[in-house]
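Dear colleague,

Please find the structure below, handed over for your records. My notes on what was found in it follow.

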Amino acid sequence: MGIYLNPGNRGFQTILNGNYVDKTGLIDFINRTINTPQKLTSSSRPRRFGKSFAAKMLCAYYDKSCDSRSLFEGLEISKKDSFDKYLNKYDVIYLDITWFVSTIDDIRNVVHDIQSSVISELKNEFSGYVPENEKSLSRVMTAIASKTDRRFIVIIDEWDALFRETKDDEAIQKEYVQLLRGLFKGGTATDETIAAAYMTGILPIKKYGTESALTDFREFTMAAPDTLAPYVGFTEQEVLDLCDQHHLDFEEVKFWYDGYSFDNAGSIYSPNSVMQAIERNAIRNYWTSSETYESLAAYIGMDYKGLKKDIIRMLGGEPVRVKISTFQNDMTSFKRKDDVLTLLIHLGYLSYDAVKKTVTIPNQEVADAFGDATDQEGWGEIGELIQESDDLLDATLCGDSDAVAEALEKVHAANSSILRYNNEASLSSAIMIAYYTARRIYKIIPEFPQGKGFADLVFLPRRGSDKPVMVVELKYDKDADTAIRQIHENRYDGDLKKYFGNLLLVGINYDKDAKGVNAKKHSCVIEKI
């Protein structure tokens with residue numbers, strides 16, 4: 001048992017000692033790839049989304065230097081046909097690139113350090129099979145495999161750590177890519193040496209132009225997780241079970257940590273945040289403890305054309321179109337706002353809808369990070385928006401219709417370059433932006449079913465809140481009283497009936513054709529029920 005060669009199963013044993021959520025189904029997927037043309041797998045996802053847990057799990061399962069049967073009995077993989085076939089049957093090479101980067105004095109020597117460290121352990125295990133003075137890891141492994149007929153399983157955790165630490169040093173990056181190409185270049189040498197490989201990181205594999213630096217890998221990313229979607233984070237059923245076991249409010253957990261949705265898994269939750277909430281028995285923002293807002297601030301601070309407007313729209317709950325194909329899978333090759341938005345998908349700050357090709361801010365935890373980051377970057381208008389949003393909610397709850405009308409008029413005008421001004425959809429978007437901070441207290445639902453029709457917006461108080469339900473109706477070229485009448489005509493019964501005695505009806509209107517001092521003047525009527 002070594003550090004890099006056959007590291008054993010202690011890492012996975014430690015994981016099982018905690019509140020482990022069974023993700024061993026991933027092993028069955030890798031088993032199906034062993035010694036096939038699909039044997040090279042890359043899975044990228046954000047920090048604190050269980051990448052290292054998966055790597056240690058795979059080490060424990062494949063490593064022939066230990067007996068891991070008891071660790072996996074009762075877990076999903078133990079019920080699969082492939083369980084016994086590959087259990088502890090391979091020599092495993094495990095590389096934690098973050099560890100190499102953080103423990104070396106001169107990062108320019110890290111590629112040499114990786115190779116020399118692994119070759120040293122290979123020499124001890126395969127004495128007599130390693131060519132004298134050979135410094136190439138790929139050639140050493142090929143020599144061993146050809147003489148012993150033993151293939152390796154290679155597991156690389158945080159493969160992109162070197163790219164993240166040497167953002168502007170192309171020489172180091174290219175040397176590292178050459179190492180990886182030597183190991184996984186395809187063809188006969190790789191087939192005879194590598195039984196399978198699993199590589200994980202935050203970023204997808206680096207691209208040069210339109211081509212991946214490692215073309216033989218099958219990639220699964222936050223933009224396209226496909227079959228591996230259930231292993232990106234916690235599924236909704238897994239979170240439901242955890243909330244039931246630990247007596248957490250599922251709706252609050254969903255509000256704070258949900259927001260990543262994939263065809264093959266449905267809703268996916270941030271696993272580190274869910275586990276922190278369980279361990280601390282407190283549902284709150286844990287994102288800044290794992291990926292600080294300073295890093296987010298650095299990227300949105302680039303302020304490419306249209307980026308600031310897109311972030312304001314997303315803070316208001318709107319999806320934003322994005323083109324992800326130009327992103328070079330690094331942290332420096334930005335040419336347009338789409339490249340920054342795509343990076344934020346991979347960092348977990350945005351959720352990507354592959355069908356609509358749009359991004360959104362996934363949940364309240366990440367929305368808080370955006371609020372902090374924009375304040376850090378001196379985006380004064382967003383800081384003002386957040387303060388004014390607090391004031392607007394207070395004015396609404398106090399029934400100050402004049403203050404509400406004035407505030408909405410200001411937000412609508414300020415964002416007229418983003419929104420199509422003269423329609424109810426535009427007004428709705430402006431209101432969603434204006435009531436940005438209300439999401440901490442309310443669940444805001446557009447087109448809420450209400451008696452005979454639908455309310456434009458309904459603000460439902462979150463569990464434990466004593467705030468009233470707010471039913472908002474939007475109009476233009478009519479008047480606010482008409483909006484209120486429409487709410488009454490649709491009857492505020494149905495799903496809202498249980499809130500009788502604590503309802504606030506809010507009618508909003510503006511006249512798009514008014515001139516002079518009344519141009520685009522907003523009006524508001526607030527009625528308590």
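Nine of the ten residues of helix α17 (residues 337-346) are buried, so the helix is largely enclosed by the rest of the structure. Buried here means under 20% relative accessible area, with exposed over 50% and partly exposed in between (1.4 Å probe, protein chains only). The buried residues of α17 are Asp 338, Asp 339, Val 340, Leu 341, Thr 342, Leu 343, Leu 344, Ile 345 and His 346. After α17 comes Gly 348, which has a positive phi, near 90°. Helices (H or I, at least four residues) and strands (E, at least two) are DSSP runs, numbered from the N terminus.

The model is predicted: local features need pLDDT of at least 70 and side-chain atom pairs count only at pLDDT 80 or more, while totals for chains, interfaces and linings use all residues. Residues are numbered from 1 along each chain as its sequence is written, and side-chain values use heavy atoms, with hydrogens and water left out.

For the chain as a whole, there are 22 helices and 18 strands. Of its 529 residues, 55% count as buried. Among contacts (heavy atoms within 4.5 Å) with a separation of 6 or more, 69% are accounted for by residues 24 or more positions apart.

Two helix pairs deserve a description. The axes of α7 (residues 110-125) and α8 (residues 137-148) come within 9 Å and cross at roughly 20°. Axes are lines fitted to C-alpha atoms, for helices over the stretch in contact, and angles run from 0 to 180 degrees between N-to-C directions. The two helices α7 and α8 are therefore roughly parallel; angles under 35 degrees count as such, over 145 as roughly antiparallel, 65 to 115 as roughly perpendicular and the rest as oblique. On the α7 side the contact is made by Gln 115, Val 118, Ile 119 and Leu 122, and on the α8 side by Leu 137, Val 140, Met 141 and Ile 144. By class, this contact has seven nonpolar, one polar and no charged residues. In this scheme Ala, Val, Leu, Ile, Met, Phe, Trp, Tyr, Cys and Pro count as nonpolar, Asp, Glu, Lys and Arg as charged, and the others, Gly among them, as polar.

For α12 (residues 236-246) and α14 (residues 271-280), the axes come within 11 Å and cross at roughly 5°, which makes α12 roughly parallel to α14. Val 239, Leu 242 and His 246 of α12 meet Val 274, Met 275 and Ile 278 of α14. The residues of this contact divide into five nonpolar, one polar and no charged.

Turning to the sheets, an open one of five strands has the order β2-β3-β4-β1-β7, with parallel pairing; strands pair if DSSP finds at least two bridges between them. At its edges stand β2 (91-96) and β7 (218-220), each with a single partner strand, so one side of each lacks a neighbour in the sheet. The twist from one strand to the next averages 15°. Within this sheet, β1 (residues 40-44) and β4 (residues 194-201) run parallel and are joined by five bridges, and Ser 43 has Thr 200 in β4 as its bridge partner. Helix α3 (residues 51-62) packs on the sheet and touches β2, β3 (152-157) and β4, its direction making about 160° with that of β3.

A further open sheet, of three strands, has the order β11-β13-β12 with antiparallel pairing. Its edge strands, β11 (320-321) and β12 (351-353), each pair on one side only. Three bridges link β12 to β13 (residues 358-360), with Val 359 in β13 as the bridge partner of Tyr 352.

Yours sincerely
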